[in-house]
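Q: Hi! Could you help me look through this structure?

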Amino acid sequence: MNTLFTISSHFLKATSKTLLHRLTSTRPISKSTSIPKKMDRVRDHAYDNYMEIEKKIRKVLKFQTLILSQPNQIIQASRLDLLARRLGFKPHEAAVFVLKFPHVFEIYEHPVQRILYIRLTRKAHLQIEQENRALQAQVPDAVTRLRKLVMMSNTGRVRLEHVRIARYEFGLSDDFEYSVVLKYPEYFRLFDADETRNKYIELVERDASLGVCAIERLRETEYREKGIDAEDIRFSFIVNFPPGFKIGKYYRIAVWKWQRVPYWSPYEDVSGYDMRSLEAHKRMEKRAVAVIHELLNLTVEKKITLERIAHFRMAMDLPKKLKEFLLQHQGIFYISTRGNHGKLHTVFLREAYRKGELIEPNDLYLARRKLAELVLMSPRKAKMDSELVSYHRDWGDDERGFIGRDHVQNAFDDFGGSNDDRQERDSHIGGDYDSDTDDGCDRTLDEKDVPATD
């Protein structure tokens, strides 16, 4: 009996191995029709080039803040290296950086002390004033954005410090605690938590009219204008994969199935729902996509760093591994690692951009892009501007006497024509709009180039 059992067991093992070999050799392995948990990031150069400009703008903004914080808003050139160390610059690196952007920073010699000073140009001051006006004009919109942000929290409150860190992205001023939160007591309540001793922003009352997501309004527009089937777009998102992203047959099926998975709204309270089933987990995963999608829609430029999204992770029930989670949906979001040596991750909403530019820009976005134009403007253009101003001034002294600086500026504007004409002229004289070009700018400006004023 024991012998028969041993022989039969060996026979069964041999038979099972033979059957397994035949099955694997004649039938292909079935592939999963679900979105993979881990995916490689496919680069999109349009967003990466956008972040290369943003990297320069961040440094320029730090220098602007440093100059504006000094007495008379000027810095002595001999003290530049000492002050720039606070911003992380190496010795002699700050002077080279300032010379790269002559449309933002101006180096001049004091007429009495004969000492070189650094200040902001007139164009830079005008850009700052334009941004401040746009920031004040959109305060009502900023109040609405903050109310919707707090409504997405699972507890109905968010930490004040987390909002303060992301105030630039949400279009809030530096003093938003007083100009927004405390100024509108009918909407917000500020209190200190006993358990954490942190300040929190809480809604006085939830407004049901604000509980409509941007993607829901877009679905309604698509349904009314294009007549798309309601069942096909009821829970779907706009998917636009980056160039070079390989879409296989099974991945296409997985996306099709995922688009039809229902989910709970980001503004809906899900604390009382049973999350133990597989269907509930699928709904919560898709709800996390909707939360990040709505969070990006609340920002001014439809982008925010991944590190700042992580601040709201606990309050909005977001997954722990945010980067891996967002890489599963590269058709909806794009993560750029450009800036700060790859340590900074910026998340873009793909549907809001086209060829690296915002499709529906607002006034605050346009005001901030003015600084990008000054940064990208060729240093040769600044040299030509100074020579033309000197020419107008000399001509005025000979013909009509002294001409004021405002008159010279207006005359130069009339001479220059429109922005398009200036850009076309720059292309003919060799302006390449590359801020890394140092030709004609790595020298100390004298009185002939830049008028010396007190």
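Predicted model: local features only at pLDDT ≥ 70, side-chain atom pairs only at ≥ 80, totals over all residues.

Q: How are α2 and α4 oriented to each other?
A: Residues are numbered from 1 along each chain as its sequence is written, and side-chain values use heavy atoms, with hydrogens and water left out. The axes of α2 and α4 (residues 93-100) cross at roughly 105 degrees, so the two helices are roughly perpendicular (65 to 115 degrees). Axes here are lines fitted to C-alpha atoms, for helices over the stretch in contact, with angles from 0 to 180 degrees between N-to-C directions.

Q: Which residues meet there?
A: Lys 56, Lys 59, Val 60 and Phe 63 in α2 meet Ala 94, Phe 97 and Val 98 in α4. Contact means heavy atoms within 4.5 Å.

Q: New topic: which residues of α15 are buried?
A: Leu 364, Tyr 365, Ala 367, Arg 368, Arg 369, Leu 371, Ala 372, Leu 374 and Val 375. Buried means under 20% relative accessible area, using a 1.4 Å probe and protein chains only.

Q: And what covers them?
A: The cover includes α2 (45-68), α5 (122-137) and β11 (357-358). Helices (H or I, at least four residues) and strands (E, at least two) are DSSP runs, numbered from the N terminus.

Q: How many residues does the largest nonpolar core have?
A: It has 73, and Phe 170 is one of those with the most contacts inside it. Such a core is a set of buried Ala, Val, Leu, Ile, Met, Phe, Trp, Tyr and Cys residues joined through side-chain atoms within 4.5 Å. Apart from that core lies another, of 28 residues, including Leu 66 and Leu 374.

Definitions and conventions: Buried < 20%, exposed > 50% of the residue type's maximum accessible area, 1.4 Å probe, protein only. Parallel < 35°, antiparallel > 145°, perpendicular 65-115°, else oblique.
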